[in-house]
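Q: I have a structure open and would like to learn how to read its contacts. Could you take me through them step by step?

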Amino acid sequence: MANIVINNIFTSFQEFLDNEQDAREQIRSIVNEIDKVAREIMMTMQVIHQDNGLSEIPNCCSKARELYQNVRNGFEKLAALIPAGQYYRYYEHWRRVAQKLCFLISLVVFLEVGMLISKETAASVLGIKNDAKEGFHLELEDYLMGILNLSSELARLAVNSVTCGDYTKPFQISEFVAELNAGFRLLNMKNDSLRKRYDVLKYDVKKIEEVVYDLSIRGLKP
Amino acid sequence: MPRRKVQRKSEKKYTIGHVSQEVILKLGETHPTIMMFQNFSQTIDDKHQRYERVVKLGRDLTYNSKNLISFLQVNKPNTEYHSNAKEMIAKLIEKYLKPIAVELDGHDHYQYLRAYTNGLQEFTEAILFHQYLENGVIENWSVVNDYFTFKTEDEKELKLLFPQMDFILGLADCTGELMRKCINNIAVGLIDDCFKICNFVKFILTGFLGVIVVGRNEIGRKLYTLKQSLMKMEMVCYNIKMRGNEVPKHMLADVSDVEEEDEESMD
């Protein structure tokens, strides 16, 4: 009697494990596809740091935007796979790629119009919902991580744009990142990964300010 | 040296950091970025506070489940014992499980699972231990899962997530309590029950050994403890059998003394 009961318990547990394993494998393969596109976009955007990079900006941006169509297709498949109310069960799988894609689209938008992308826009470019209540959504933390990565990338761009002879960009970047910093100061963060990433923002701000300072004292401010 | 460098810089009109300062002063409450972040701030605070509340309920659930277990260990079955145990279970559900379900209504339970997963395991342990003592057998996950459905005052049905993983981990923990009971049983002369419990745990071990788990998990660790507990019980049964023929039944308690000391020093 006891034997049968225990047996049943473990049979159903094994079934549960197998199902979960299958689901995770499917998710992993779709996330891999999305990640492939993300890396492609990442490489596309690296052109901006090249010697003639600044003139290539419109090209890079439109190419990146085209690639985002594949991202949307990928997320559409992924969203169909995740049952309602189980987003966070598998969240770990796509967290990184969502952060990366948020970063990249925020870079594109900054280069195009010099503004911070809103979370809503970022979600729609990724082809997912903005609000958790509506389904497969963009997690706030991933969006914030994305724009923290943006600040590091812009710190690099500030340096490289001087090398390219563009002295205006660092001032624009400096103001923009300072704005981000002002925003992040409003958040009451716990001692989590976001907090640790946020601590890096200070150094980005400092690095950009140093570029601006160097330009200013030499009278190179446009 | 660095100090002099800073002084030199501050003599100029521009200093490092002046842009940030200017921007922070310039941005008013109505700036879109600021407004957006104020919104985020609210979302983040809300999530943290809810999480903390669930952590607290989860901790209370653990604590009170432990109380139920020690009640079941210490007391001898009589009518009062049965009704008291039932009352304690009902209290656990009403006072801790249901409030977690209410707190998480409309939210993804997986997001907050970490906050109450320990409570779930301890609760499972208590429930299964109680079931075994009452009926000599335990229920499967889907039956225990029914404890996690609640009716609110306005007749709305709430369901709290109870993953099968937590059930199994709770079951593993439960074997530790069964071992304790087994050893206590010798002390009170319930020799037959010792063998019964020992056999029951043997089935559980077999079950665990058959499970294929991929990736990191707690099962391996729990399985080790389970095996230790079982081997202790097997030694007890062995001793009873060996010396049972020589020693009168009421003196058998001494046989188990060594085992019990062992077990306490483990804790």
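This is a predicted model: local features need pLDDT of at least 70, side-chain atom pairs count only at pLDDT 80 or more; totals for chains, interfaces and linings use all residues.

Q: Which residue forms a salt bridge with A:Lys100?

A: The partner is A:Asp35, with the closest N and O atoms 3.1 Å apart. The pair links distant parts of the chain, 65 residues apart: A:Lys100 lies in helix H4 (residues 92-113) of chain A and A:Asp35 in helix H1 of chain A. Helices here are DSSP runs (H or I, at least four residues), numbered from the N terminus.

Q: At what angle do helix H2 and helix H5 of chain A pack?

A: Axes are lines fitted to C-alpha atoms, for helices over the stretch in contact, and angles run from 0 to 180 degrees between N-to-C directions. Helix H2 (residues 53-81) and helix H5 (residues 119-126) of chain A pack at about 80°, their axes being 7 Å apart. That makes H2(A) roughly perpendicular to H5(A), a label for angles of 65 to 115 degrees. Contact means heavy atoms within 4.5 Å; H2(A) makes this one with A:Arg65, A:Tyr68, A:Val71, A:Arg72 and A:Phe75, and H5(A) with A:Ser124, A:Val125 and A:Leu126.

Q: How many residues of chain A are in contact with chain B?

A: On the chain A side there are 51, in contact with 52 residues of chain B. Buried area is the accessible area (1.4 Å probe) that two parts lose on being put together, summed over both. The two chains bury about 4,400 Å² between them, 73% of it on carbon and sulfur atoms. A:Phe10, A:Phe13 and A:Tyr213 supply 15% of the area that chain A buries against chain B, more than any other three residues.

Q: How many salt bridges does the rule find across the interface of chain A and chain B?

A: The rule finds two. A:Glu139 forms a salt bridge with B:Lys47, where the closest N and O atoms are 4.0 Å apart.

Terms used: Residues are numbered from 1 along each chain as its sequence is written. Chains are lettered from A and ligands numbered from 1 in the order in which they are written. Side-chain values use heavy atoms; hydrogens and water are left out. Helices (H or I, at least four residues) and strands (E, at least two) are DSSP runs, numbered from the N terminus. Angles under 35 degrees count as roughly parallel, over 145 as roughly antiparallel, 65 to 115 as roughly perpendicular and the rest as oblique. A salt bridge is a side-chain nitrogen of Lys or Arg within 4 Å of a carboxyl oxygen of Asp or Glu.
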